[in-house]
Amino acid sequence: MNIQPIVYPERENWASLLARPMMNAASLFDIVHPILHRIREEKDDALIDFTQRFDGVKLDSLRVGEAEFEAARSLVPKSLKAAIRQAKANIMAFHEAQHEPLVEVETMAGVRCWRKSVAIQKVGLYIPGGTAPLFSTILMLGVPAVVAGCKEIVMCSPPDKNGQIHPAMLYTAELLGIKTFIKAGGAQAIAAMAYGTESVPGVFKIFGPGNQYVTAAKQLVSQEGIAIDMPAGPSELAVVADASANPDFVAADLLSQAEHGTDSQVLLVTTHEPLLEQVQQSVGKQLEVLPRKEIAAKALANSRMILLKNQEEVVEMINAYAPEHLILAVADDEFLAAQITDAGSVFLGHYTPESAGDYASGTNHTLPTNGHARAYSGVSLDSFVKKITFQKLTPEGIRNLGPTVEVMADGEELTAHERAVSVRLQYLG
């Protein structure tokens, strides 16, 4: 499978070159709307029916039982358990450092203001399934939820054809203390967490990546008052490489993202023309030995290798694309990184594969896709808390601040606002 190289494209063609392989949004919503409606009305019955239809298994119970958690402990190899524990420790350290100290400000004499982070009490974590057991996503969503102190954590992931969840996923969830694990995937799982069913507790905010149907479901329930982390859809990667780059490293990075799914997309941007052919050849060789070769090949059909004239064009194109993941395989990686304004997560230098962030460096891999990195951040501790502001005025404070509030309220012709201050000032004499 070759990625067609594109040489010195005109700027007016950039938008079409950088387009993601997305379905029409209206068509997606038309498909997802009836699923949401049925879950809201029929609850568990509809969830079991959709699981049978889409995942090919008829479930007796939607919840993972204690016996399944216990069995998973013995089925996960010791080496994988150790790796998961190491990744958890790194991710925990990075997210615990995001706690903000409470800072109190006296804006004027007698007027104190402060802000406090409070955990969202009920959160839902969606873990994609299907073609790979993404226990890493359990860490990426579960760790900050636990660190934030969320009281109720509900996890959903589609079962396999035997009605089971992969043992490594159950081991990871149990390692974090998450026991409410629901065997459900797709738009129907999002609906179940949004509305609640007999087996699935309703939540206040839903997290997690997924396919386009999952993304559409998240967007639709967000219109009904359920918060979501971001519209995170199919995965994507951009690599910027120069003459110092190792073609085999670059090819491996492109393939690592392409194997996520057929609707994934990868992009190579360079000013060094020989690299196009070198990477192309390495991609072909490495692709042949991948177990997920067919998936990766279909993703490569959506992908691009682009030769640009200079670094200024490279920076402009990358910021226009706003990739979920960005690898800077260049000699002056930190200089280039300082110019990036739109990306989900950036990987600097020749020895920082995107895989490191996907699993265990400590940063979060749940990131904005489809250009949403222009306005959204990736998941962090902040995603699992809300900030409540507080203020307290003493008698001195109301005397100092009151006249300002009275004048402003009068200027807006809101008399009751003005009187709320005036009665206090009159009382104080």
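First, a note on classes: I count Ala, Val, Leu, Ile, Met, Phe, Trp, Tyr, Cys and Pro as nonpolar, Asp, Glu, Lys and Arg as charged, and the others, Gly among them, as polar. With that, the lining of the second largest pocket divides into eight nonpolar, three polar and five charged residues.

This is a predicted model, where local features need pLDDT of at least 70, side-chain atom pairs count only at pLDDT 80 or more, and totals for chains, interfaces and linings use all residues. Residues are numbered from 1 along each chain as its sequence is written, and side-chain values use heavy atoms, without hydrogens and water.

Pocket entry. I looked up the volume of the second largest pocket and got about 240 Å³. (On a 1 Å grid over the protein atoms alone, a pocket is an open set of points where a 1.4 Å probe fits, with protein on both sides within 12 Å along at least five of seven lines; lining residues have an atom within 4 Å of a point.) Of its 16 lining residues, E100, R115, K116, S117 and K387 are the closest to the centre. β3 (111-119) gives the largest share, five residues. Strands here are DSSP runs of E, at least two residues, and helices are runs of H or I, at least four, numbered from the N terminus.

Helix entry. α17 (residues 415-428) has 14 residues. What follows α17? I found G429, with a positive phi near 80 degrees. Contact means heavy atoms within 4.5 Å, and by that rule the residues of α16 that meet α17 include P395, I398 and R399.

How values were computed. The expected span of a helix is 1.5 Å times one less than its number of residues. Grid points are joined across faces, edges and corners, and a volume is the space filled by probe spheres set on the points.
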